[in-house]
Amino acid sequence: PGHRDFIKNMITGTSQADCAVLIVAAGTGEFEAGISKNGQTREHALLAFTLGVKQLIVGVNKMDSTEPPYSEPRFEEIKKEVSSYIKKIGYNPAAVAFVPIFGWHGDNMLEPSTKMPWFKGWAVERKEGKADGKTLIEALDAILPPSRPTDKPLRLPFQDVYKIGGIGTVPVGRVETGVLKPGTVVTFAPANITTEVKSVEMHHEALQEAVPGDNVGFNV
């Protein structure tokens, strides 16, 4: 949910994502609220780009509540506005798939919708090649998986360090390069302290190894 109270959760999740799906409501007044000066559409798109999410898909949702329902001009208007905003942030709109959907009934989610015969599909161009399709799931399948630099030395910037009674010191952060395993001997900069990692956890579950992109806590 996009409520202000949950923005911290959104940032935590986004900080380890490779692709974002920006959901925009197509209803009269709803889209306008989201794209307004302090609107959620703007805020979430900006946060995603700022946190390093380089790939974006835009789902134009609630197509049933446009005037008239399933309106092509409304979809095109939203596509134009959102394209111009995400371009200002730093995304290349040509590489972003825009899909008109109605999530409640599953229109254009997994299968092409009969309600929007005007929609001939989405198409993206990027230096790694072109892709096209009709549905949201096809847009997700067309994401380019980033290479995970597991062969490089371990580098893990901290977000925070917790002192937990009975466990000890637990630094938390995202693995950028290399691999972190229990038993690894690590060095902390700038203090230059070396110690052994006792355990690694992600979302309260023990991990045998953490790779680039994983947001983890580890006990030292």
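Hi everyone. The protein chain here is assigned two domains, domain 1 (5-142) and domain 2 (158-219); these bounds come from an automatic or database domain assignment. Their centres, taken over C-alpha atoms, are separated by 35 Å.

A word on the ground rules. This is a predicted model, in which local features need pLDDT of at least 70 and side-chain atom pairs count only at pLDDT 80 or more, while totals for chains, interfaces and linings use all residues. Residues are numbered from 1 along each chain as its sequence is written, and side-chain values use heavy atoms, with hydrogens and water left out.

I will be naming helices and strands a lot: they are DSSP runs numbered from the N terminus, helices being H or I with at least four residues and strands E with at least two. Two strands pair if DSSP finds at least two bridges between them.

Let's begin with the parallel sheet. Its 3 strands form an open sheet, ordered E1-E2-E3, with parallel pairing. Strand E1 (19-25) and strand E3 (97-100) are at the edges with a single partner strand each, so one side of each has no neighbour in the sheet. On average, neighbouring strands here are turned by 20 degrees against each other, direction ignored. For the angles in this talk, axes are lines fitted to C-alpha atoms, for helices over the stretch in contact, and angles run from 0 to 180 degrees between N-to-C directions.

Look at strand E2 (residues 55-61), which pairs with E3 in the parallel sense over 4 bridges. Lying across E1, E2 and E3 is helix H4 (residues 72-89), which runs at about 150 degrees to E3.

Now, which helix packs with H4 at an angle of about 35 degrees? That is helix H3 (residues 40-50), and the axes of H3 and H4 are 10 Å apart. The contact, meaning heavy atoms within 4.5 Å, is made by Arg-42, Ala-45, Leu-46 and Phe-49 of H3 with Tyr-85, Ile-86 and Ile-89 of H4. By class, these residues are 6 nonpolar, no polar and 1 charged. In this count, Ala, Val, Leu, Ile, Met, Phe, Trp, Tyr, Cys and Pro are nonpolar, Asp, Glu, Lys and Arg are charged, and the others, Gly among them, are polar.

H3 also packs with helix H1 (residues 7-14), at an angle of about 35 degrees and with axes 10 Å apart. Here Ile-7, Met-10, Ile-11 and Thr-14 of H1 meet Glu-43, His-44, Leu-47 and Ala-48 of H3. This contact divides into 5 nonpolar, 2 polar and 1 charged.

On to the antiparallel sheet. Its 5 strands form an open sheet in the order E6-E7-E12-E10-E11, and the pairing is antiparallel. Strand E6 (158-164) and strand E11 (205-206) take the edges, each with a single partner strand, so one side of each is left without a neighbour in the sheet.

E6 pairs with strand E7 (residues 168-174) in the antiparallel sense over 6 bridges. Among the partners in E7, Thr-169 bridges to Lys-163, and Pro-171 bridges to Val-161.

Last stop: Ile-193, in strand E9 (residues 193-196). Leaving aside neighbours within four places in sequence, Ile-193 contacts Val-186, Thr-187 and Phe-188. Its C-alpha atom is separated by 59 Å from that of Ser-65, 128 residues apart along the chain.
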